[in-house]
Amino acid sequence: MAPDLTLGDIVHDNALRFGDLPAYRAEENVITHGELRSRATALASALAADGMRRQDRIAVLGRNSVEFGEVLAAGQVSGLIVATVNFRLAAPEMLRILTEARPRVLFCDAEYVPVVQALRPELDGLQQVICFGPADAPGVTAYADLLASGDPDELPFAARPDDMACLIFTSGTTGRAKGCILGQREMRRLAQVMNVEMRTGCADRVLLTMPIFHIGAMAIGLGVHARGGTAVLHRQFDPVAFVDAVRDERITVLHLAPTMLQAVLDSEPDVAALAGVRTVVYSAAPITGRTLQAAMAAMPHASFHNLYGQTEVITSGLPPELHRTDDTERDRRRLASVGHPFADTEVRIVAPDGEDCAPGRPGEIAVRSAAMFRGYWNDHVETAATIRDGWCHTGDIGVFDEEGLLHLVDRKKDVIISGGENVYSPEVEEAVLTHEGVAACAVIGVPDRRWGETVCAVVVAAPGAKVSPEGLREHVHARLARYKAPRSVVMVDELPLLPTGKVDKKGLRETFGGETPPGPDQPT
């Protein structure tokens, strides 16, 4: 029988086995695995001296930093629950998350101290604000001072496998953000799965520019740390700085959303700078064949891995062995999938009546996994609706092919129903992106008096290209059924992105979701 362990056991093991190797690096700030355990212990000790106990909640609001990593580690070893806050949210959105999480202590970057101070009178139970920089505001403690007051050798209490580890709030792509409860046992399993999938060891270095407040980058960091590797942190994504860091920091593992991967390619990087990369993990959104082919050509010695999952549960991955570019129909079909379910993960395709769909028929993806979330914080109704008979109902529409590869069809709430027909936005987006004048595209449904909904394509033109809505519609007509082609086309300079790298379709619907005016090919 496998031992029942925690995330804290990874921190302790790394301090023993890889104590002199770097755990985190952010510019000139570097700490080893040995120092990470000592500083996490000191931080837990200092918080305990102020009355915190195991399973009390702390929150962190900040960009990627070594200090952020130390707060995460303090929770991992001590059993304090860490709630992460998206720094890109507006103040009212931050207030709602902090009101729900009700932390006793809030850690934040100096740039967010003003908004925290403005919200503080409304945050019942918040006892301390700890600033990662200088503490220039009244009632704010400097992180360095708090850390110095703790004992680096005496852990006041230790995490248990049954403990909650994190509250991570969903990106809110289809509604309000919900707090996902992730346990110590489940997150340790997540770290193990990521480590196996990326095949990393103590010599590996991953570059994380996606924010570690979100499960995607956090999981990649945990996977690298699971065997003593290093996480190099950037506070924000810049494609030129990214490539420079890959070269200068001897990066071996990349984690990128497809939009970020395309931006790196558009920067025309020196191929020699990328020569040390052996693993490229892309996730968070569908990737176009054009982007993937270009990336594989730019890094011919790297193994590519596609990951699919949500804050609630990681699900599947397309391994390097299936990333072939022989340009056969079988290869193209494989590259369009999100791979096979991970080990110890079960996936079903479920019809609206709750029965399993027939092979080849799309339905809702339901997942059962040892790394699954436990439910939504203070939301029993949503928890019961999502976790049914031990299965997490993801809200994604998918289908298995004859090789057992999982294909994403659409988000359940993003499916466009036009004249009674289901239109899946990724299929339309892929067709739009085959137009040589299109650099990026997102497809949404907009209200229509006659058809209920019609397809709207929000398009970014390629540099120097001129794209006409009529020409784009005809381009899609030649590839898909007429009812799937965009009846309206909106040209924009860029698509709005969430911190995960996903296109913010909720925002697009709010901006462009008015009723479709009658067009030349649309009945009045």
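Predicted model: local features only at pLDDT ≥ 70, side-chain atom pairs only at ≥ 80, totals over all residues.

Modeller: Leaving aside neighbours within four places in sequence, Met194 is in contact with Ala219, Ile220, Gly223, Leu307, Ile314 and Phe342.

Colleague: Which residues touch the most other members of the largest nonpolar core?

Modeller: Phe107 and Met194 do, in a core of 139 residues. Another core, of 18 residues, lies apart from it and includes Ala431, Leu433, Cys441 and Val467.

Colleague: Turning to the helices, how do α7 and α8 cross?

Modeller: Helix α7 covers residues 184–198 and helix α8 covers residues 215–225. Their axes come within 7 Å and cross at roughly 75°. Angles of 65 to 115 degrees count as roughly perpendicular, and α7 and α8 are therefore roughly perpendicular to each other.

Colleague: Which residues meet there?

Modeller: From α7, Met187, Leu190, Ala191, Met194, Asn195 and Met198 take part. They meet Ile215, Met218, Ala219, Ile220, Leu222, Gly223 and Val224 of α8. By type, the residues of this contact are eleven nonpolar, two polar and no charged.

Colleague: What does Leu495 touch?

Modeller: Not counting residues up to four places away in sequence, Leu495 touches Ala440, Cys441, Ala442, Val458, Val460 and Val503.

Colleague: How far apart are the C-alpha atoms of Leu495 and His340?

Modeller: They are separated by 30 Å, and the two residues are 155 residues apart along the chain.

How values were computed. Residues numbered from 1 in each chain as written. Heavy atoms only, no water. Axes fitted to C-alpha atoms, helices over the stretch in contact; angles between N-to-C directions. Helix = DSSP H or I, 4+ residues; strand = E, 2+ residues; numbered from the N terminus. Parallel < 35°, antiparallel > 145°, perpendicular 65-115°, else oblique. Contact = heavy atoms within 4.5 Å. Nonpolar A, V, L, I, M, F, W, Y, C, P; charged D, E, K, R; others polar. Core = buried A, V, L, I, M, F, W, Y, C linked by side-chain atoms within 4.5 Å. Buried < 20%, exposed > 50% of the residue type's maximum accessible area, 1.4 Å probe, protein only.
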